[in-house]
Amino acid sequence: MALTVCPECDGKVSDKAFACPACGYPLGQQTGGSAWPAVLGGVAGTYISAQALVTIIVGSIMFIAFAAIMIVAVLSS
Ligand SMILES: [Zn+2]
């Protein structure tokens, strides 16, 4: 395993890495062929969407849980 330097942040990155672990800069285009940058872009986009989705889901669960607690409190009184 050899180390190379990230052109984006000058951090040390494995030449086997698909992207820089520090800044996410996509690497390995030379060895991986032309498909990898597109795949990485898709994965990055999915990851960001997933993060937003998780935030929305967690927010909804918190709201539903709060509503349920309020309903139970009203019904039991
Ligand atoms: Zn980097």
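## Briefing: a zinc site and its surroundings

Ala19 sits in the loop that runs between strand S2 (12–14) and helix H1 (29–32). Please keep in mind that this is a predicted model. The chain holds 2 helices and 2 strands, and along the sequence they come in the order β-β-α-α.

**The zinc site**

- Which atoms are the protein donors of the zinc ion? They are the SG atoms of Cys6, Cys9, Cys20 and Cys23, at 2.3 to 2.4 Å from the ion.
- The site is tetrahedral, and the angles among its 4 donor atoms run from 106 to 117°.
- For reference, the ideal angle for four tetrahedral donors is 109.5 degrees.
- The donor residues follow the sequence spacing C-x2-C-x10-C-x2-C.
- Cys9 belongs to the loop between strand S1 (3–5) and S2, while Cys23 belongs to the loop between S2 and H1, so this pair ties together parts of the chain that are 14 residues apart in sequence.
- Cys9 is partly exposed, with a relative accessible area of 34%, and Cys23 is also partly exposed, with a value of 38%.

**The nonpolar core**

- The largest nonpolar core has 5 residues in all: Cys6, Val13, Ala17, Cys20 and Leu27.
- Two of the names in that core, Cys6 and Cys20, are also among the zinc donors.
- Cys6 is in contact with Gly11, Val13, Cys20, Cys23 and Tyr25, once neighbours within four places in sequence are set aside.
- As general background, nonpolar side chains in soluble globular proteins tend to be buried together.

**Around Ala19**

- Is Ala19 buried or partly exposed? Ala19 counts as partly exposed because its relative accessible area is 25%, and the buried class ends under 20%.
- Not counting residues up to four places away in sequence, Ala19 touches Val13, Gly24, Tyr25, Pro26 and Leu27.
- Val13 and Leu27, both touched by Ala19, are members of the largest nonpolar core.
- Between the C-alpha atoms of Ala19 and Cys6 there are 8.9 Å, and the two residues are 13 residues apart along the chain.

**The charged pair**

- How many salt bridges does the count come to? The count comes to 1.
- Its partners are Lys16 and Asp15, whose side chains meet at 3.8 Å, N to O.
- Lys16 is exposed, with a relative accessible area of 59%, whereas Asp15 is partly exposed at 35%.

**A backbone feature to look at**

- Asp10 has a positive phi of about 60°, although it is not a glycine.
- For context, most residues other than glycine have a negative phi.
- Where does Asp10 lie? Asp10 is found in the loop between S1 and S2, and the loop that holds Cys9 is likewise described as lying between S1 and S2.
- Asp10 counts as exposed, because its relative accessibility is 60% and the exposed class begins over 50%.

**The chain overall**

- Of the 77 residues in the chain, 10% are buried.
- Among contacts with a separation of 6 or more, residues 24 or more positions apart account for 0%.
- The chain exposes about 6000 Å², and carbon and sulfur atoms supply 73% of that area.

Conventions. Residues numbered from 1 in each chain as written. Predicted model: local features only at pLDDT ≥ 70, side-chain atom pairs only at ≥ 80, totals over all residues. Heavy atoms only, no water. Helix = DSSP H or I, 4+ residues; strand = E, 2+ residues; numbered from the N terminus. Buried < 20%, exposed > 50% of the residue type's maximum accessible area, 1.4 Å probe, protein only. Contact = heavy atoms within 4.5 Å. Donors = N, O, S within 2.8 Å, 3.2 Å for Na, K, Ca; no water. Tetrahedral: all angles 85-135°; square planar, octahedral: opposite > 155°, others 65-115°. Core = buried A, V, L, I, M, F, W, Y, C linked by side-chain atoms within 4.5 Å. Salt bridge = Lys/Arg side-chain N within 4 Å of Asp/Glu carboxyl O. Areas by Shrake-Rupley, 256 points an atom, 1.4 Å probe, with all protein chains shown as cover.
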